[in-house]
Amino acid sequence: DALSSRIGIMALGELRCVGSALHLKNKFGSGFKIDIGFAPADNLPKVIAFVRSIAPEAALSQEYMGTATFSVQRKDIKV
């Protein structure tokens with residue numbers, strides 16, 4: 001993201017916005033995706049507890065063979 005220059009977004013044949021990837025993510029992004037790998041696979045409850053201790057509203061969106069993916073909305077993150 002830091003190395004790319006500018007991105008343009010078109011909708012219905014018209015250029016709607018132009019900016020760097022970082023600018024567009026900050027302006028239009030809705031949240032974050034967190035991918036965590038862990039072993040052994042039965043540690044999933046510990047991983048969920050850890051993520052929710054940091055982001056209580058995090059939703060487990062996918063879990064497969066020692067990898068868990070969580071979705072966190074931007075409004076739920078306090079920096």
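The legends below describe close-up views of a predicted model.

**View 1. Three strands form an open antiparallel sheet in the order β3-β5-β4.** The edges of this sheet are β3 (31–37) and β4 (59–64). Each edge strand has a single partner, so one side of each is left without a neighbour in the sheet. Direction ignored, neighbouring strands are turned by 20° against each other on average. In a regular strand the side chains alternate between the two faces of the sheet.

**View 2. β3 pairs with β5 in the antiparallel sense.** Seven bridges connect β3 to strand β5, which covers residues 67–73. Phe-32 has Val-72 in β5 as its bridge partner. Gly-37 is bridged to Thr-67 of β5.

**View 3. A hairpin is formed by β4 and β5.** The two strands run antiparallel and are joined by five bridges, with two residues between the strands. Tyr-64 has Thr-67 in β5 as its bridge partner. Met-65 is found in the loop between β4 and β5. Its phi is near 45°, a positive value in a residue other than glycine. Met-65 is exposed because its relative accessible area is 67%, and the cut-off for exposed is over 50%.

**View 4. The largest nonpolar core has 10 residues.** The members are Phe-38, Leu-44, Val-47, Ile-48, Val-51, Ala-55, Ala-58, Ala-68, Phe-70 and Val-72. The largest share, four residues, comes from α2. Val-72, one of the core residues, is also the bridge partner of Phe-32. In soluble globular proteins, nonpolar side chains tend to be buried together.

**View 5. Asp-35 and Lys-33 form a salt bridge.** The closest N and O atoms of the pair are 3.7 Å apart. The count of salt bridges comes to one. Asp-35 is partly exposed, with a relative accessible area of 46%, whereas Lys-33 is exposed at 61%.

**View 6. A cis peptide bond joins Ala-39 and Pro-40.** Omega of this bond is about -5°. Pro-40 lies in the loop between β3 and α2.

**View 7. Leu-12 has a positive phi although it is not a glycine.** The angle is about 55°. Leu-12 sits in the loop that connects β1 (7–11) with β2. Its relative accessible area is 84%, so Leu-12 counts as exposed.

**View 8. Met-10, Leu-15 and Val-18 make a nonpolar surface patch.** The area of the patch is about 300 Å². Leu-15 belongs to strand β2, which covers residues 14–19. At 54% relative accessible area, Leu-15 is exposed, the cut-off being over 50%.

**View 9. Leu-60 in β4 is shown together with Arg-16.** The relative accessibility of Leu-60 is 33%, so this residue counts as partly exposed. Leu-60 and Arg-16 are 44 residues apart in sequence. Their C-alpha atoms are 33 Å apart in space.

Key. Residues numbered from 1 in each chain as written. Predicted model: local features only at pLDDT ≥ 70, side-chain atom pairs only at ≥ 80, totals over all residues. Heavy atoms only, no water. Patch = residues over 30% accessible without salt bridge, like charges linked within 9 Å, V, L, I, M, F, W, Y side chains within 5 Å. Areas by Shrake-Rupley, 256 points an atom, 1.4 Å probe, with all protein chains shown as cover. Salt bridge = Lys/Arg side-chain N within 4 Å of Asp/Glu carboxyl O. Buried < 20%, exposed > 50% of the residue type's maximum accessible area, 1.4 Å probe, protein only. Pairing = 2+ DSSP bridges. Axes fitted to C-alpha atoms, helices over the stretch in contact; angles between N-to-C directions. Core = buried A, V, L, I, M, F, W, Y, C linked by side-chain atoms within 4.5 Å.
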